[in-house]
Amino acid sequence: MYRLLKEAGAPFRSPLDVNLTDLKSSVEAINFNTRILDRIDFQIEKMSSPFVFYDHESGIKIDFTHFSTVSSFDDVVPTYITEIREIFKTLKRIEKGDIVNHTEKRAVDHYNLRMSESPVIDFTHFSTVSSFDDVVPTYITEIREIFKTLKRIEKGDIVNHTEKRAVDHYNLRMSESPVVGKSLAETLKQWEDVKKLCDSIRAGELKPACGEKYSDIIFNGIGGSYLGPLMLIISAYTDQFCSVCQPKLHFISNSDPESFSKILGRVNLPTSIMVTISKSGSTAETRGNMEAFNSILEKNSLPKGEHNIAITTKLSMLDKYAAEHKFIGVFNMHNETGGRTSVGSPVGMVPCAFAGLDFSAFVKGQSHMDSLTRREDALSNPALLMAVAIHHSTITVGHKNMIVLAYCDALREFAHYLQQLWMESLGKKHDTAGRVHPEGQSVFGGVGTSEQHAFMQQVQQGIHDCFIQLISFRRRETDFPITSSGSMGRQLLSFVKGTEDALVKNKVPFFDISLLSPSLFSIGMLVALQERVVSFLAVMKRLNAYDQPGVQDGKLSAKAMDKLSLETEAAMAEGKVSFEKKSAEEVAVILKFDEVNLFFLEAILMDMCENIKLEGSYGKLKGAEMKFEFIDGQFFFTMSW
Ligand SMILES: O=P(O)(O)OC[C@H]1O[C@](O)(CO)[C@@H](O)[C@@H]1O
């Protein structure tokens with residue numbers, strides 16, 4: 001700073017010859033950047049006000065001005081010099097791992113956990129940012145806005161203006177939350193309730209009418225009501241979860257009769273529970289799966305209540321249905337918890353409880369990361385550095401794609417999880433002022449080294465349209481000797497570093513996030529870090545990160561198709577309509593449809609030709625036959641009874 005000031009003509013002879021107040025006016029006079037002005041303000045505050053502690057790195061300020069029993073620290077501190085010496089000796093012993101809890105003969109490791117479990121993020125090879133010292137100040141206005149927005153979000157202000165809602169996922173894991181009823185303590189209380197029910201099911205204390213222990217849990221949800229739970233369970237058990245967990249766990253997400261039928265083939269229906277997860281309680285795919293499951297229960301004379309649990313918002317369609325049918329468990333989430341950020345709510349709790357996982361470690365990890373990403377000093381805030389690096393990269397080079405490569409099977413679902421978090425949040429047509437300004441970040445990825453043998457060829461040598469987020473863990477729990485690398489774990493490390501080295505040579509920018517181990521605490525930190533980066537990027541790009549109007553477009557069109565499909569079936573069944581070699585347009589006339597979407601109608605007619613005989617598909621058209629012909633580039637349909 002001294003050098004820059006000298007170059008800019010400030011009248012100082014040496015770095016020591018600087019009076020802070022003079023320095024400030026000189027800086028103002030030469031119109032230097034505002035970040036330096038802020039720093040000087042802090043220094044002046046620190047020097048002129050001896051009762052205020054301010055740590056520039058973390059932004060912590062403690063004001064002792066009105067602690068009247070201490071008139072001056074200068075007088076009081078020396079009277080405790082012996083004790084202070086002892087404090088520092090003990091601090092060193094604690095952090096070295098010495099036994100300091102003598103009654104229980106234990107070391108005390110919470111400081112060590114926090115120190116070593118925090119991620120290390122290495123931006124050395126993020127080549128689009130040559131130096132944060134240069135780049136950060138260019139975004140000072142955006143950074144100010146970021147912290148204003150962060151405070152507004154955490155205070156519970158309405159920040160999702162299109163949906164007129166607050167956004168509460170940060171409050172759910174905040175020790176001291178300003179929003180009543182939403183805090184880490186409240187979340188842990190709800191976790192205890194969830195565990196009580198799930199543990200009694202797992203232990204066989206709560207049984208269905210047949211008297212046997214529940215054997216199978218089917219999680220039914222989509223988007224954020226599926227990706228988070230699956231990601232957590234995979235992080236603990238990889239894809240072996242189905243055979244490892246008791247009761248057995250299954251996931252159904254899509255509307256896919258084939259996979260639904262496979263799940264039904266694997267479970268023992270009289271001892272199964274479907275856990276339906278839906279914030280809105282009305283998502284079509286999820287509702288369809290629950291309806292299909294319940295009609296099979298009914299066919300088998302099994303009561304719905306004993307075989308269903310719901311996670312949803314109060315008074316949603318699902319909440320009312322669950323009350324009506326006396327589901328064995330209903331856990332409510334808040335309206336302000338967005339689907340893609342709901343993993344820290346009952347959406348993540350219930351799957352963790354059934355999988356025997358400690359959800360509290362996950363939210364504590366989130367909470368810890370939130371405190372790091374609240375730091376107002378850019379250089380010590382990991383989310384802010386990531387957001388600046390990514391924003392700068394998209395602006396200067398135009399990188400629109402982010403590849404997430406996690407070197408650990410535990411994170412097999414992580415890229416998929418991030419895809420929703422990032423793309424549903426940042427892929428927007430309008431900015432917050434309502435102007436058309438399409439934005440977005442395409443996210444894809446998977447696990448290294450597997451992807452090394454899949455998409456990495458293009459990344460290394462093909463078009464340069466992406467940057468990479470690499471995630472790896474420093475400590476392993478087990479290992480196996482192999483000759484080429486010494487051990488399997490060492491081979492993985494060689495591949496992480498080998499890939500990074502090749503990326504440097506091929507000039508592909510990346511940053512590397514490394515954590516101690518894939519514990520739930522670490523996964524909580526990772527999730528919270530990405531949530532914050534997304535929040536920050538949304539401010540920088542002036543987007544509402546919390547709505548998803550584009551998804552609504554597809555949902556509404558599918559509803560219109562549903563309506564036409566039902567009307568077509570009903571019209572054909574009424575009077576047993578027959579026709580021969582008719583185009584979709586002609587069929588519309590036969591069925592007396594005035595205005596019709598022919599693109600939809602042709603797809604429906606084609607589907608009838610292929611599936612009309614299938615039990616369960618077109619109930620009203622039982623006994624009808626249908627076929628199609630393709631003549632001169634057009635489809636013609638024939639129907640007979
Ligand atoms: O939990 P719900 O309400 O069923 O919604 C499922 C998913 O659908 C969306 O609303 C849109 O895809 C997501 O945001 C959400 O996670």
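Two strands are taken to pair if DSSP finds at least two bridges between them, and helices (H or I, at least four residues) and strands (E, at least two) are DSSP runs numbered from the N terminus. The structure is a predicted model, in which local features need pLDDT of at least 70 and side-chain atom pairs count only at pLDDT 80 or more, whereas totals for chains, interfaces and linings use all residues. Residues are numbered from 1 along each chain as its sequence is written, and side-chain values use heavy atoms, with hydrogens and water left out.

Strand E9 (residues 401–407) pairs with E11 in the parallel sense over seven bridges, and Leu405 stands opposite Leu470 of E11 in this arrangement. E9 also pairs with strand E10 (residues 442–447), again in the parallel sense, over six bridges. Here Asn401 is placed opposite Ser442 of E10. Together with helix H18 (residues 414–426), E9 and E10 form a right-handed β-α-β unit; a crossover is right-handed if, with the strands pointing away from the viewer, the path from the first strand over the helix to the second runs clockwise. Burial was assigned from relative accessible area, with buried meaning under 20%, exposed over 50% and partly exposed in between (1.4 Å probe, protein chains only). Seven of the seven residues of E9 are buried. Asn401, Ile403, Leu405 and Tyr407 point one way from E9, while Met402, Val404 and Ala406 point the other way.

Helix H15 (residues 346–355) is likewise mostly covered, with ten of its ten residues buried. Among them are Val347, Met349, Val350 and Phe354. Just after H15, Gly356 takes a positive phi of about 70°.

The second largest pocket holds about 1000 Å³ of space. Of its 31 lining residues, Tyr407, Cys408, Asp409, Arg476 and Leu492 are the closest to the centre. On a 1 Å grid over the protein atoms alone, a pocket is an open set of points where a 1.4 Å probe fits, with protein on both sides within 12 Å along at least five of seven lines, and lining residues have an atom within 4 Å of a point. Grid points are joined across faces, edges and corners, and the volume is the space filled by probe spheres set on the points. Helix H10 (224–237), strand E11 (466–473) and helix H20 (488–505) each supply at least two residues of the lining. The greatest contribution is that of H20, with eight residues. By residue class, the lining divides into twelve nonpolar, twelve polar and seven charged residues, where Ala, Val, Leu, Ile, Met, Phe, Trp, Tyr, Cys and Pro count as nonpolar, Asp, Glu, Lys and Arg as charged, and the others, Gly among them, as polar.

A salt bridge was defined as a side-chain nitrogen of Lys or Arg within 4 Å of a carboxyl oxygen of Asp or Glu, and the count by this rule is 28. Glu531 lies in helix H21 (residues 520–540) and Arg173 in the loop between helix H8 (140–155) and helix H9 (184–202), so the pair ties together parts that are 358 residues apart in sequence. Both Glu531 and Arg173 are buried. A salt bridge also joins Glu163 and Arg165 (3.3 Å, N to O); Glu163 is partly exposed at 29% relative accessible area, and Arg165 is partly exposed at 27%. Asp157 and Arg152 meet at 3.5 Å, N to O, and a network of salt bridges links Arg152, Lys155 and Asp157.

Several backbone features occur in loops. A cis peptide bond joins Gln246 and Pro247, with omega about -5°, and Pro247 is found between helix H11 (241–244) and strand E5 (248–252). The bond from Gly448 to Thr449 is also cis, with omega near 5°; Thr449 lies in the loop between E10 and helix H19 (456–461). Thr238 has a positive phi of about 50° although it is not a glycine. Thr238 belongs to the loop between H10 and H11 and is partly exposed, with a relative accessible area of 26%. Arg542, not a glycine either, has a positive phi of about 55°. The loop between H21 and helix H22 (549–573) contains Arg542, which is exposed at 53% relative accessible area.
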